Amino acid sequence: MNLEKLKVRNPNMDILRIIAVLCVIGIHFFYHSGYYYTTNDNAVMYFATVLRTLCSVCVPLFMILSGFLLCNKTLKKGYYSGIRKTIIVYILVAIACMIYKSIVGSYTLTPLTFFTGILDFTGANYSWYIEMYIGLFLLVPFLNIIYKNLDSRKQKNILLITLIAITILPSLFNAFRFDSLEWWANPASNTETQKLIPSWWVGIYPITYYFTGCYIREYGTKIKNIYLIIALVVAVFGFGTFNFYRCYGTPFSTSNYVYWSGIEPYVLSVLIFLIIKNLKLDNINVKVKFVLWKVSDLVLGTYLLSFIFDAIYYYEFLNKNTTDFYARFPFMPLMILCVFVSALISSGIINLIAAGIEFCYKKICNLCKEKFSKKHINEPKQFKH
């Protein structure tokens, strides 16, 4: 146990990572259990829609965490090596996923597909986040220069409001129709909506979340947790009710306001982040803090590897032994737990292999440096005539 690292580590951030990955697994439950093919028209589906709305904070929490934790990074020697472990873990998981898919017959594994599956991020089915994160990581030093060189809180407010306006608010203002009263009575009958504000820049929403994390790190909030929790409950049920209304009589549809660039995930993830950040955990038991740290370190692999266990638990067990979403919904907590524990253990194995690869890589680099240094020392000195 590294007590020095443990003392300075923030357990609140570890808890947020764990909540985020549980929400990832939770939102995948709806994808694999038939929720998106089931009509929303009763109390069970209303409750499921509310839970699905809550789980939409999964990826946004990770993005806010990136801003919170990386906001002081600068472009100096060794910065880019900070992504090495992430890349190694991704490659190992991609290999594991490709092997699994080839065994079950859904993937043809050849030397070509082996390399392309890694390079085009299709080998591991949930690896789109890694593709996004690599670009974000490369931009971080420059994003930090922008943020740090703003002179005042007012300027940082304007930066954040501007980004929210061009990436998040389009999902709110472009989600309705104002030319038909009948549409409001049954919005699911027509998914076409009117565009009221520009939406061209929506695709850079990860930067909005990143700067949100930077802003929370610097300024936090003076709002008490009790009020934040009340706001979270109201928001979850308010957004969930709205989503149920928007798709009533039809299966749930992932419109812009529920996607990660949407107003709903943004508001909910910021509220959850602030609530967990405000928790006073300085005096928690050192063993609990250590466990949170180690579980948190395995979250990336858990996220990526959950694809394999989703396929096993849903399609080999749950879906084969149940008829529809109504029969599967009560098993949601059990399925999340099973996938989480299985993926976490597998992530531990992957991380051990990754640590071994990193160790060998550093040893080889050090040997190369030593040989280069000795060769340089033994070379005859050159003199100019």
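This is a predicted model: local features need pLDDT of at least 70, side-chain atom pairs count only at pLDDT 80 or more; totals for chains, interfaces and linings use all residues.
Leaving aside residues up to four places away in sequence, Ser306 touches Ile25, His28, Tyr126, Val339 and Ala343.

I turn now to helix packing, and in general two packed helices are described by the angle between their axes together with the distance between those axes.

Take helix α2, residues 11–32, and helix α4, residues 58–70, which pack at an angle of about 155 degrees with their axes 8 Å apart. Because that angle is over 145 degrees, α2 is roughly antiparallel to α4. The crossing of these two helices, α2 and α4, is left-handed. On the α2 side the residues that meet α4 include Met13, Leu16, Arg17 and Ile27, while those of α4 include Cys58, Phe62 and Leu69. Sorted by class, the contact of α2 with α4 holds 14 nonpolar residues, no polar ones and one charged.

The other pair is helix α3, residues 43–55, with helix α12, residues 225–246, and here the packing angle is about 120 degrees, with the axes 8 Å apart. That angle makes α3 oblique to α12, and the crossing of α3 and α12 is right-handed. Among the residues making this contact are Met45, Tyr46 and Thr49 of α3, and Phe237, Gly240 and Asn243 of α12. The residues of the contact of α3 with α12 divide into eight nonpolar, five polar and no charged.

Notes:
Residues are numbered from 1 along each chain as its sequence is written. Side-chain values use heavy atoms; hydrogens and water are left out. Axes are lines fitted to C-alpha atoms, for helices over the stretch in contact, and angles run from 0 to 180 degrees between N-to-C directions. Helices (H or I, at least four residues) and strands (E, at least two) are DSSP runs, numbered from the N terminus. Angles under 35 degrees count as roughly parallel, over 145 as roughly antiparallel, 65 to 115 as roughly perpendicular and the rest as oblique. A crossing is left-handed if the near helix is turned anticlockwise from the far one by less than a right angle, and right-handed if clockwise. Contact means heavy atoms within 4.5 Å. Ala, Val, Leu, Ile, Met, Phe, Trp, Tyr, Cys and Pro count as nonpolar, Asp, Glu, Lys and Arg as charged, and the others, Gly among them, as polar.
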